[in-house]
Amino acid sequence: MLLKNMWYVAAFATDVQPRRCFARRLLNEPVVLFRTQSGVLSALVDRCSHRAYPLSEGHIDGEVLRCAYHGLEFASGGNCVHIPGQTRIPEAANVRSYPVVERDQLIWIWMGDPSLADESKIMSNAEHNDPNWSWRPHYMHVKSNWQLLVDNIFDLTHVAYIHAKTIGGNPKSHFDAESRVSFENGKVGLLRKMPNSIPPKTYIDAGGFKGNVDRWQQVEYAPEGGNILRVNAGACDVGTGAYEGRRDNGFVLVNIHGVTPETETTTHYIWTICTNAPRESGVPEKLFDQFFLTISEDEVALAAQQQRIIDLPHLPFLGIASDGAVNRARMLLDQLHELEKTSSV
C-alpha cells in the first residue's frame with residue numbers, strides 16, 4: 001500500500017545544493033530535485049519527454065534544467081521552454097512537476113493529486129531552527145516496507161530486546177510500563193511511563209544518572225500533516241517531577257522520523273535526533289553517536305523481518321497485548337487508503 005495524497009520528507013534541505021540535481025525514487029516514481037539560480041526549489045519526474053533520459057543527469061543553467069541527451073530545457077514547473085532545432089514546443093514535451101516545500105531544514109513533497117496539496121498542514125519541527133536545541137540529521141536506506149518502520153516506532157516494547165546494548169534497559173520495565181493510546185482527529189498517540197526504572201547505558205552516559213530514573217516515551221503520528229513520527233523521550237531522577245512536566249534536572253530528546261516509501265519493500269528513513277542538553281556539556285554529541293547505533297539496530301531488524309515476509313507471504317502476524325498503538329496506526333492508514341481510492345474513482 002502506497003499512499004500518494006500525503007506529504008513526505010523527500011530529503012534534507014542540504015541534500016539539494018545549488019546547480020546540482022538530486023535524484024531519488026519516491027513511491028515507485030523517479031524524481032529529480034533541484035534549485036534554480038534564483039533559488040526556486042523544484043521537483044520533476046526524472047524522465048525527459050523526448051527519449052526518457054534521466055533529467056537528473058542534466059545541468060542547471062539559470063532558471064532551467066537542461067537534458068544532457070538532446071538539450072531540451074525545462075522550467076521549474078515542468079514546462080519545456082526550449083527544444084534545439086525547432087521553435088514549436090508541443091504540450092507533450094512538458095513533464096510532471098510535484099508540489100514541494102522547504103520547511104524546518106526538510107524538503108517535503110506531495111506525490112498525489114496536486115489540487116489536494118495543502119502545505120499549511122505540514123507538521124512543524126521547530127527544534128531544527130531553535131538555538132536552544134542541538135540536532136543531527138541521518139539518512140538510512142532501509143530494506144523493508146515503510147509500514148513496518150511505522151510499526152517499529154510505535155512498538156516500543158521491542159526496545160528492551162533489539163536495543164539491549166544501547167537504550168534497552170530492563171525488559172520488565174518496558175512491558176509493565178503504564179501505557180495510554182489515543183486515536184482521534186486523524187492522529188495516533190502513545191504515552192508510556194516507566195517510573196523508578198533502571199536507566200539504559202545511553203541514558204547514563206548522556207544524563208549522568210547515578211541511580212534509578214523516571215522515564216517516559218511519547219509518540220505522535222498525524223500522517224495528514226506529513227508522514228513523520230515524533231518521539232519525545234527522556235528521564236529524570238526518581239521523584240523529581242518528570243510526570244508533572246518538571247524535567248530540567250534530567251534530559252529530553254526528540255526523534256523526528258521521516259518515513260518515505262521508495263518501493264513496496266524499501267524505505268527512505270530520513271530522521272533526526274534532537275536534544276536541549278547544553279552543548280558545552282558534551283551530552284549532545286555523545287547522545288547523537290549512541291542513538292545512531294540504536295537506529296542502526298532497527299535497520300538490521302527491519303530488513304530481517306521484511307525478508308521473512310517475502311519468504312512466507314501467506315503467514316499472518318500474531319497479535320499480542322502490546323500491539324495497541326501499532327494497530328491504531330494501521331487502522332488510520334487503512335482509512336486514508338480507502339479515502340484515496342474513493343476520491344480517485
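Mentor: We shall discuss these topics in turn, keeping in mind that this is a predicted model.

Trainee: What is the volume of the second largest pocket?

Mentor: The volume of the second largest pocket is about 310 Å³.

Trainee: And how many residues line the second largest pocket?

Mentor: Its lining consists of 14 residues. Those that lie nearest the centre of the pocket are N5, W110, E224, L336 and L339.

Trainee: Which helix gives the largest share of that lining?

Mentor: Helix α6, which covers residues 324–343, provides the largest share, with 4 residues.

Trainee: How do the lining residues divide into nonpolar, polar and charged?

Mentor: In the lining of this pocket, 8 residues are nonpolar, 2 are polar and 4 are charged.

Trainee: Changing topic: how many aromatic pairs are found in the whole structure?

Mentor: A search of the whole structure gives 5 aromatic pairs. One of them is formed by Y53 and Y69. Their ring centres are 5.1 Å apart and their planes meet at 45°, so this pair is classed as tilted.

Trainee: Where do Y53 and Y69 lie?

Mentor: Y53 is in the loop between β4 (41–45) and β5 (59–61), while Y69 is in the loop between β6 (64–66) and β7 (73–75). The pair therefore ties together parts that are 16 residues apart in sequence.

Trainee: How exposed are Y53 and Y69?

Mentor: Y53 is partly exposed, at a relative accessible area of 31%. Y69 also counts as partly exposed, because its relative accessibility is 47%.

Trainee: What about F154 and Y221?

Mentor: F154 and Y221 form an edge-to-face pair, with 6.1 Å from centre to centre and 65° between the planes. F154 belongs to helix α1 (residues 146–154) and Y221 to strand β14 (residues 213–221), so this pair ties together parts 67 residues apart in sequence.

Trainee: Are F154 and Y221 buried or exposed?

Mentor: Both F154 and Y221 are buried.

Trainee: Now the cysteines: how many disulfides does the structure hold?

Mentor: The structure holds 0 disulfides. For C67, the nearest cysteine sulfur is that of C48, 3.8 Å away, whereas a disulfide requires sulfur atoms within 2.5 Å.

Trainee: Are C67 and C236 buried or exposed?

Mentor: C67 counts as buried because its relative accessibility is 3%. C236 is buried too, at 0% relative accessibility.

Notes. Residues are numbered from 1 along each chain as its sequence is written. This is a predicted model: local features need pLDDT of at least 70, side-chain atom pairs count only at pLDDT 80 or more; totals for chains, interfaces and linings use all residues. Side-chain values use heavy atoms; hydrogens and water are left out. On a 1 Å grid over the protein atoms alone, a cavity is a set of points where a 1.4 Å probe fits but cannot get out, and a pocket is an open set with protein on both sides within 12 Å along at least five of seven lines; lining residues have an atom within 4 Å of a point. Grid points are joined across faces, edges and corners, and a volume is the space filled by probe spheres set on the points. Helices (H or I, at least four residues) and strands (E, at least two) are DSSP runs, numbered from the N terminus. Ala, Val, Leu, Ile, Met, Phe, Trp, Tyr, Cys and Pro count as nonpolar, Asp, Glu, Lys and Arg as charged, and the others, Gly among them, as polar. Rings of Phe, Tyr and Trp (its six-membered ring) pair if their centres lie within 6.5 Å; planes under 30 degrees apart count as stacked, over 60 as edge-to-face and the rest as tilted. Buried means under 20% relative accessible area, exposed over 50%, partly exposed in between (1.4 Å probe, protein chains only).
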